[in-house]
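Open the structure in your viewer and keep the selection tool at hand. This tour goes stop by stop, saying what to select and what is there.

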Amino acid sequence: MRKIVLVSIILLVVALAPAFSQNATITQITGKVQLLAPGGSWVDAKVGAVVSPLTVVATGFNSTAVLNLGTSQLQVKQLTRMRVIELLRNQSSATTALFLTVGAVHANVDNNLGITQKYSIQSPVSTAAVRGTIFDFDGYSCTVDRGIVHFSTPAGFGREITVGQTSVLTSPYVPGSAEEFEQAQSQTKVNTNPTGGGTTNLPGIGITTGSVTVTIK
Amino acid sequence: MRKHGLLLLVVATVTCGTLSALDFGGTIDNTSGYFTSSSPNYNQANKLALWFNTQLGPHVFFDAQVSGYYQNQTTYGGTSFGLYADLDRLDLRGQIAEEGANPNLLSFDFGRFAANDPTGLIYDQGLDGLRIGLANPYFSVTTTLGYTGLTIKPSSSIIMSLADLNGITTQAQYFGSPRAIGMLSIDMPGLLLRQDVALAAMAEVDVRPFMANNNLLSPGTTVRSPTEGGSLDSQYFIAKVSGPIVGSLFWNGAFAVQTGQMLSYIVADGQYEYKPILAYLATGGFHLYAPQLLKLAVGLDATYASGDRDFATFYEGNTAGNATAFIPITQKTVAAVFSPQIDNILTGSLSVSFKPLSGLKNPNLSNLQFEVKGIPFLRPTTGPISATSFLTAINGGNTQYYLGTEVDGSIKYRPFSDLGLSITGGAFIANPAALASSAGALQWGGKVEASLSL
């Protein structure tokens, strides 16, 4: 009985362990990368620079930055503006929340740390939420290299995307299926009407508008 | 005059002020083809489409498209449809999202909008009516009610009965088959193992019995008419599952049951009687994509539509018992040369497509696409199929099940975003035993399509 109480107390302490805020650090830079801390002004980023929560990271043309977020790596691609919203960590879990205003990122979330990862990247039009995975995200599309990503609209309608698959936002309801994306990539669309109006069709011999043959059996 | 000018200015200002977003444009499409099996052999169709989209409010949009057509076909019973115009779309639509812990999305379409069933094989055409959808993160429910009788004949592909066929060949009739359509569908994206599940119940009602001078035959008529029939009402119950298997390999499978009633000349009774319809459709396929291998896509698909061996003719030909031939509402083109209706047909398709220049960084070259398809055709019963030309022998009591195989090839190219081009060629190699003696075993054809955005 004592053992059970002791284990329960330990589990309770672990569960209630205070989550502490973390900072991200820049580990790699190519080209022009700038940081905007809350209340501050734009400064050029350098390798080793600390990125505190609510700091905006911006990359220029042909420029990239790699951020170490403690329990994950994030490559910020060119012409991107994003904000680190929240980086929390306790003994059993890590919470990472990012907001992608414009551009694209490549995320590598390590799921071998023995902790629960609550990782989400939000954009004005969608959210990618993951637990241990590698993926690319630009707000409108999400491509998964490892693991599973829950890709959803701001209203909360979403679908799971797995390894090697891409989903694109095509409606305010559920993001498009992975096959819809593959089909669009592999097929050249001849119709140029942006609203999807069909092209003219010519009948083959089976399109029947002719006479009928009657046979009495 | 000044007052009129001022009024016009005020109206224009108010109108433009309320249109928070405005987008418009046009496209010109041309299709020119030569087919050994059609008459005339050379066909050409042109379409000029003008479209207009605007946002009327935070949640309300308005889409319209009007098209002018010119074609050389004379397949509408002598009615000249060489030059005509039609409304492709006139859609007042809205989407209202309620965000939060339990998000909902209410959507509606009112006017003329595109509609289709989950398989795309039973109904796939514009519809005049109302569609209302309600979605939450787990499923969406959509209700559609509409009418098909305001679509002009060349734009309508509904030929389910002899009355529909008579409408096509009647000079005075300008519009397509008059049918009321209702559909209730439930979509559950990613329901289990990331598979999308769709369930639908659909009904079509022939409204001719409610019209005066409908020229429909009455039950009990003892004199058989080869050109007149009754009304045909049917219901469809559809289930479809689709999703990934592993990586870039996907599958889909659908099953539909058709019920309803059809006027049938029952030979044993010597009179016309309404008989129940009980028919089936099954379709499915596997699709593999390898974008790293020249955007390779391989598809293997199959479709089965039940038939009825006691049908004497393709339209309303039931002569005994229930009518078991599956009758879709709209027609679907499944091959370039030989394209029978999805009725008393078992067909498959093996397709391979790739983009040989996809490795180039130049987007104007990388989208060049080649595609080859092999499409065998069989019929599940010795009942008639919809092809009327050189396969007439089949509908005259031939007992062959294998009809033939078609091989199609196409090249598609989009040199610019505003210009799309394609060349399609096909050859249908018929089963010689299924042919009329005067017909050739090989039918072929080809067409060129061009689409230019203005």
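Two strands pair if DSSP finds at least two bridges between them. Keep that in mind for the first stops. One caution before starting: this is a predicted model.

**Chain A at a glance**

Select chain A. Its secondary structure comes to two helices and 18 strands. The chain has 217 residues, and 38% of them count as buried. Now think about contacts with a separation of 6 or more. In chain A, 39% of these are between residues 24 or more positions apart.

**Stop 1: strand β2 of chain A**

Select residues 24-30 of chain A. This is strand β2. Which strands does it pair with? Start with strand β5, residues 50-51 of chain A: the two are antiparallel and share two bridges. Pick A:Ala24 and look across to β5(A). Its bridge partner there is A:Val51.

Pick A:Thr25. Its bridge partner in β7(A) is A:Asn68.

**Stop 2: onward to β8 of chain A**

Pick A:Leu67. Opposite, in β8(A), stands A:Leu74.

**Stop 3: the whole sheet**

Now widen the selection. What is the order of the strands in this sheet? Eight strands of chain A form an open sheet, and the order is β5-β2-β7-β8-β11-β14-β15-β18. The pairing is antiparallel. Look at the edges, where β5 and β18 (166-168) of chain A stand. Each has a single partner strand, so one side of each has no neighbour in the sheet.

**Stop 4: helix α2 of chain A**

Select residues 178-186 of chain A, which make up helix α2. Which of its residues are buried? They are A:Ala178, A:Glu179, A:Phe181, A:Glu182 and A:Ser186. These residues span an arc of only 160° around the axis, so they sit on the same side of α2(A). Here is the background: an α-helix has 3.6 residues a turn, so residues three or four places apart point the same way.

**Chain B at a glance**

Switch to chain B. It has four helices and 18 strands. Of its 454 residues, 41% count as buried. Among contacts in chain B between residues at least 6 apart in sequence, those joining residues at least 24 apart make up 61%.

**Stop 5: strand β17 of chain B**

Select residues 419-430 of chain B to get strand β17. Colour its two faces. The covered face holds B:Gly420, B:Ser422, B:Thr424, B:Gly426, B:Phe428 and B:Ala430. The uncovered face holds B:Leu419, B:Leu421, B:Ile423, B:Gly425, B:Ala427 and B:Ile429.

Pick B:Gly409; B:Gly425 is its bridge partner in β17(B). Follow the chain from β16(B) to β17(B): a hairpin joins them through two residues.

Pick B:Ile423. It stands opposite B:Val448 in β18(B).

**Stop 6: B:Asp233**

Select B:Asp233, in strand β10 (residues 232-246) of chain B. Why does B:Asp233 count as buried? It has 21 C-beta neighbours inside 10 Å, and the cut-off for buried is 20 or more. Show its contacts, leaving aside neighbours within four places in sequence. They are B:Glu204, B:Val205, B:Asp206, B:Gly260 and B:Gln261. Now draw a line from B:Asp233 to B:Tyr401. The C-alpha atoms are 29 Å apart, and the residues are 168 apart in sequence.

**Stop 7: two loop residues in chain B**

Select B:Arg194, in the loop between β8 (179-192) and β9 (195-206) of chain B. Its phi is near 60°, a positive value in a residue other than glycine. Is B:Arg194 buried or partly exposed? It is partly exposed, because 18 other C-beta atoms lie within 10 Å.

Finish at B:Lys295. Find it in the loop between β12 (271-290) and β13 (296-305) of chain B. B:Lys295 counts as buried, because it has 23 C-beta neighbours inside 10 Å.

Note on methods:
Residues numbered from 1 in each chain as written. Chains lettered and ligands numbered in written order. Predicted model: local features only at pLDDT ≥ 70, side-chain atom pairs only at ≥ 80, totals over all residues. Buried ≥ 20, exposed ≤ 12 C-beta atoms within 10 Å, placed from the backbone. Contact = placed C-beta atoms within 7 Å. Arc of directions from axis to C-beta.
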